[in-house]
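User: Could you walk me through how to read a sheet and the helices around it? I'd like the general idea, then the case here.

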Amino acid sequence: MRVQVAIIGSGPAGLLLGQLLTNAGIDNVILDRVDRDYILGRIRAGVLEHGTVRLLDEAGAGARLHREGLVHDGVNLAYAGVKHRIDLKALTGRSVMVYGQTEVTQDLMDLRAATGVRTIYNAGNVMPHDFDGQPYVTYEKDGVTHRIDCDFIAGCDGAHGPSRAVAMQHGLKAFERVYPFGWLGVLADVPPVDHELIYANHERGFALCSQRSSIRSRYYLQVPLDAKVEDWPDAAFWDELRLRLPGETAEALATGPSIEKSIAPLRSFVAEPLRYGRLFLVGDAGHIVPPTGAKGLNLAASDVHYLFEGLREHYLERSDAALDAYSTRALARIWNAVRFSWSMTQLLHRLPDQSDFGQRIQESELSWLATSAAAQAALAENYVGLPY
Ligand code: FAD
Ligand code: DHB
């Protein structure tokens, strides 16, 4: 098989890039190690920036998002038992859209299927080759090895896929920070405790109240790195969440059986550069942020924006300027989000080895945020997403 662009990974990055390319008449194939249902079973992000929504609209995948997504004009920080609202809309003129990553992925998969463009699921041993020359991708399916020749390879295969791994052997410089805790997430069919999100700093640890709809909630608790899902039956989760929320919020919390429960470790990681000849790293393949700033999925979308511009200009305008600028342009936005996600993580979690001095600095920053319009504006500007 021969295509213009071979995309490894059928997560949000790969699917969005694929759709934009297809719409522009650029031939592509997507390969994934697992199948569609497995991908749709992974519960992850929930907050979309304006730029991500615009890009999904541009791809033609925005209809259900606008029908079912929840527009949030504000977000809350809670500490010392009090909730402080940050008015995103008043401070930035922008809102965010609450709509699950699973739904984004489903919409993109449905659109791709309706367009009839090729996706190869359950592809084993996917490997990019010869990206400094004539690139091709190999994979195994039903005991047979296949080869796809292409002009470019988009590595949209996440943190553990082959694209980052081969880039590691070609001079990738990694910047990394590992945080000494994880997030335990629960999805439940209960009405959200608040009409907006609440990020809570509490002496027992961080908690986040998020949502998917008026009847489906998503909650998170900071847990030690060695915590196991089995250690957290539903009742223990709800009890702990109540303890970490302001009194009136805790009283309003509706609880019920979890429909998903998982633990994710927190990490910051950036790969430089994001281009290796004709191989590009996109989304989690190139960078990871801790979820505290709700930036992972949104960064995947902004990478896609820059790469799509590059590929579109290459094929339709015969210019490689935007493609050559991909790594630099994407990394500038990535580092902003990495800095914001790191600072939100520092601000809101209890750090196991925190000194008394560090603890007071955290409290001082929280009270500054609660009282200063300038501090709130800085947080809001980053939370709604910096311009592309
Ligand atoms: P992915 O969604 O990871 O997609 C990569 C795709 O590549 C997958 O479908 C995978 O199957 C495929 N792949 C992997 N290896 C191979 C291979 N060898 N061959 C072929 N295909 C391969 N962000 C937030 O903003 N908020 C959150 O709450 C949040 N929670 C998260 C929880 C977890 C457990 C994880 C892992 C991430 C979370 N994120 C969160 C981050 C966010 O979900 C990601 O930033 C986003 O999924 C990035 O999209 P992507 O398409 O780049 O990568
Ligand atoms: C969700 C996840 C986040 O990491 C975040 O900052 C906000 C919301 C969510 O899953 O809804």
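Analyst: Happy to. Bear in mind that this is a predicted model. In general, strands of a sheet pair through backbone hydrogen bonds, either parallel or antiparallel. Here, 8 strands form an open sheet with mixed pairing, in the order β6-β5-β14-β15-β16-β13-β17-β20.

User: Which are the edge strands?

Analyst: They are β6 (82-87) and β20 (287-288), each of which pairs on one side only. The partner of β6 is β5 (residues 74-79), and the two run in the antiparallel sense over 6 bridges. One bridge to find in your view joins Tyr-79 to Val-82 in β6.

User: Which strands does helix α12 touch?

Analyst: Helix α12 (residues 326-348) packs on the sheet against β5, β13 (173-188), β14 (198-201), β17 (258-272) and β20. The directions of α12 and β17 make about 125°. Helix α13 (residues 356-371) packs on the sheet as well, touching β5, β6 and β14, and its direction makes about 140° with that of β5.

User: Now for a helix pair: at what angle do α1 and α6 pack?

Analyst: Helix α1 (residues 12-23) and helix α6 (residues 101-115) pack at about 35°, and their axes lie 10 Å apart. Their crossing is left-handed.

User: Which residues meet there, and how do they divide into nonpolar, polar and charged?

Analyst: From α1, look for Pro-12, Leu-15, Leu-16, Gly-18, Gln-19 and Thr-22. They meet α6 residues including Leu-108, Met-109, Leu-111 and Arg-112. The residues of this contact divide into 6 nonpolar, 6 polar and 1 charged.

Technical notes:
Residues numbered from 1 in each chain as written. Chains lettered and ligands numbered in written order. Predicted model: local features only at pLDDT ≥ 70, side-chain atom pairs only at ≥ 80, totals over all residues. Heavy atoms only, no water. Pairing = 2+ DSSP bridges. Helix = DSSP H or I, 4+ residues; strand = E, 2+ residues; numbered from the N terminus. Contact = heavy atoms within 4.5 Å. Axes fitted to C-alpha atoms, helices over the stretch in contact; angles between N-to-C directions. Left-handed = near helix turned anticlockwise from the far one by under 90°. Nonpolar A, V, L, I, M, F, W, Y, C, P; charged D, E, K, R; others polar.
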